[in-house]
Amino acid sequence: MLARIARELYWLGRNLARAEFTARAVEAVFQSELHGAFDSPSVTFGAGGLLAMLGAFDDTQPTGTEALAQLTLDAARPGSMLASVERARDGASTVRDVISAEMWEAINITALGLRGGGQPGWAAASGPYLSSQYVKERTALIWGVAGRSMLRDEAKCFLDAGGLIEVSDMVLRMLRVALPGPDSPRADGYAPILLKAVGGLHAYLRAVTSPPNAHPVARFLLFERAYPDSVAACVDSLHAAFTAADSGPRNSTPVLRVSRLAADLDFQRRALPDGAELTSICERTQQELARIDQDVAERYFAGAAAPGAWN
Amino acid sequence: MTAPAAASATAGYQPDARFMDELFEPDGTPRPVARALVDALEHLGPDGLVEAGRRRDAIFVAQAITFETKGDGGSTHERPFPLDLVPRILSADEWVAIKRGLAQRIRALNHFVDDVYHGREIIREGIVPWLLVASCPHFERAVHDIHSPGGVYTHVAGCDLVRDRDGTWRVLEDNVRVPSGVSYVLENRAAMARLVPELFARYPVRPVDHYPQLLLRALRAMAPSAASEATVVVWTPGPANPAYFEHAFLARQMGVELVEASDLVVRDEMLYLRTTRGLERAHTVYRRLDDGFIDPLSFRPDSLLGVPGLIRAYRAGNVAIANAPGTGVADDKAIYRFVPDMIRFYLSEEPILHNVETYLLSDPEVLEYVLARLDTLVVKPTGESGGRGVLIGPNAEEAEIEHMRGVLRSDPGRWIAQDLVSLSTVPTIDGDGSLHPRHVDLRPFAVFGERIDIVPGGLTRVALQEGSLIVNSSQGGGSKDTWVLADGEDSEPQVSPLAEPTAQELPDLPDLRFGQWTDQQQQQQQSKQQSGQASD
């Protein structure tokens, strides 16, 4: 397939995943910001943290809930849900021949709906709940349509790969911003917010018996292969996607790098004792994902970098 | 819109001088703690409140958070759980007093359960009459002399508190069997934060959503020793139970299985779950059905909801049950009168929270006293719950009172009488978005594991009918979100943008182009790769 098409699909996947992640995180952070502190020491992940991880942090802008509102429907902010959806729509419009009509329609309607028919802020009247809910529902629908209607060929692989790398990158960024240092009194504080921000609280409660404190939550988000949005699961799926898409996977740099990362994560999961410090692994893994991103651009997209505004 | 909306949400609000209003002074100005809230309500306006109410109903129906109500003629229908959008506010100081009082009371009730089924010290001391204990419908002979792990029997407790005209908090009722409603505390908060986040803006509200984790920790702590992590289950009578939503909610929030009787089996005094991988042992059962139904061998033989042999497994110490069977003796309406004495006897402390004055009618003198004043008192049947059979003297017709006199004379032991408490009021939204005072009570939820934890606030139930004092949701009551304010605002820690990565590097990748691998298999790959590149 054409390198340009592959690149657009890859970034379409990234933008959709970014919009969905932002929707969940904004809603979760907003809810927790409304409340005071827990009795026990707990991990905080507030508006400042979310902005920092989305790269939208600067000294001039407002903080707190006002800043969160900008992450929903402010098209001028590259980190907002609306901006991600608009980028996805722009990308999708250039590959309409590859994706099905149904899928194009699903993406297009999402963008139009989120714009609110020329009435900005239709959903912002009472916090981000309505717009977050809308984006979560619509992205689920888009991925569902993609799964049902797209041929399982290279195109689907690049779409999936974009989504996977974005999800794992977001999870890692969040952990790096939110995990307290090893000497902090909150080092193993109560941390359900990190699970709520990725929509994984219920999965965690089913899979892990210890309470949602920082250490087990970070391990879960990094290593739990049974949870689809964990870094390890994403990297595994990424490996499968690149292997399927690559003409010569045995000697492809991105494939090799992803498979080494998967092995490293598996090794760390077994080797690290409970309660071990995980931020350096998050950092290293995130760096490695950035290199994979470069490798992908070089090998598959003829060296073309990210389209449009991206951080 | 059907009803024309009032111009202002709070302008015409007039508290009833006979009761204490928690948000407004008697002259109609907001209390200091409520000023920011009243401003925010004003800003939303009646239209905004009506609109938020419509979205609330849509959300609750979509999530199936509904309550079954009994209409006239015994027919039942589902309606969205009636959450009133004006919250109730408790200051940090008020809450500390309530929390300490409740912890004290629950400790005493737990001592009482332990005592009644073992040493019976309090009876030998002559503080509680044995006849009263033995005639109590929830006194269970089958659990005599069974020790619960850790000495805790009342793991989950919910006491109903009311506020008198002068602002004093009083305990109206204890509930240490299967108190329900905690799921609505969590769902109410989640819904409020979605529907009217503006109201939270200037209040540091203590969170409540860690309740399932507190409960799970307590349930794990009481489990008999297990080789691996203890298996905890929530036991529901089934989907037909009015509180089934709560059972499923708690199981989901704790990440444990929701079981029915057919999933459980006792073999060799051990409790097992029937799973796809055969029988697996269960260590702790959080049961949400009454004592009478849990084991047909020990209690009601006609119970189809029970697990035969459960009490034998419990007696053998192989399974923990929360709350322990037999705790109903402590929250009996006739025993209630003795709780302050229990606190003095077991804890050597003075009660922090007061009772409502209660009359036991088995004493003929007291009976005569009560019969003469029936139009000023409240009469309750001891064996009922949920507000059924209650007669409120001042609101009753003369004929009803006369009928009740006959009932009381014929069977005084089944009834108690209490002074009427002037329940406090909180502004509540009407259909047109205007506010009116309505009576409220408060049910905080406590979890007794290794210590007593009480989630800040609790379920505020509100009587939606004007002047009504019955707040039970099965009788048309609604609820409110209850805010406990934090002492000071916790400032968010300063977050800096991501630092440049400095972590140690993974080893270099092998150079695929020129091949530095030495292994034979890799050399083969290398030659393949070179041929592949030649054809590119």
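**Entry 1: chain B overall**

I began with burial and found that 45% of the 536 residues of chain B count as buried. Here buried means that 20 or more other C-beta atoms, placed from the backbone, lie within 10 Å of the residue's own; 12 or fewer is exposed, and in between is partly exposed. The model is predicted: local features need pLDDT of at least 70, side-chain atom pairs count only at pLDDT 80 or more, and totals for chains, interfaces and linings use all residues. For reference, residues are numbered from 1 along each chain as its sequence is written, and chains are lettered from A and ligands numbered from 1 in the order in which they are written.

I looked up the secondary structure of chain B, which comes to 13 helices and 24 strands. Both kinds of element are DSSP runs numbered from the N terminus, helices being H or I with at least four residues and strands E with at least two. I then checked contacts in chain B between residues at least 6 apart in sequence, and 69% of them join residues at least 24 apart. A contact requires C-beta atoms, placed from the backbone, within 7 Å.

**Entry 2: H2(B) and H10(B)**

I took helix H2 (residues 92-116) and helix H10 (residues 339-347) of chain B, which pack at an angle of about 80 degrees with their axes 9 Å apart. That angle makes H2(B) roughly perpendicular to H10(B). The cut-offs are under 35 degrees for roughly parallel, over 145 for roughly antiparallel, 65 to 115 for roughly perpendicular, and oblique for the rest. Axes are lines fitted to C-alpha atoms over the stretch in contact, and angles run from 0 to 180 degrees between N-to-C directions.

On the H2(B) side I noted Leu109(B) and Phe112(B) among the residues in contact, and on the H10(B) side Met342(B) and Ile343(B) among them. By class, this contact has eight nonpolar, two polar and two charged residues. Nonpolar covers Ala, Val, Leu, Ile, Met, Phe, Trp, Tyr, Cys and Pro; charged covers Asp, Glu, Lys and Arg; the others, Gly among them, are polar.

**Entry 3: strands of chain B**

I looked at strand S23 (residues 459-463) of chain B, where five of the five residues are buried, so S23(B) is largely enclosed by the rest of the structure. Leu459(B), Arg461(B) and Ala463(B) lie on one side and Thr460(B) and Val462(B) on the other. Strand S20 (residues 435-443) of chain B pairs with S23(B) in the antiparallel sense over four bridges; pairing requires at least two DSSP bridges. Val440(B) has Val462(B) as its bridge partner. Strand S24 (residues 477-484) of chain B also runs antiparallel to S23(B), joined by four bridges, and Ala463(B) has Gly477(B) as its bridge partner.

I also traced an open antiparallel sheet of four strands in chain B, in the order S15-S18-S16-S17. Strands S15 (358-360) and S17 (391-392) stand at the edges with a single partner strand each, so one side of each is left without a neighbour in the sheet.

**Entry 4: chain A and the interface**

I found 38 residues of chain A in contact with 34 residues of chain B. H13(A) gives the largest share of the chain A side, six residues. That side divides into 11 nonpolar, 17 polar and 10 charged residues.

Last, I checked the largest nonpolar core, which has 245 residues; Val29(A) and Leu194(A) have the most contacts inside it. Such a core is a set of buried Ala, Val, Leu, Ile, Met, Phe, Trp, Tyr and Cys residues joined through C-beta atoms within 7 Å.

Definitions and conventions. Contact = placed C-beta atoms within 7 Å.
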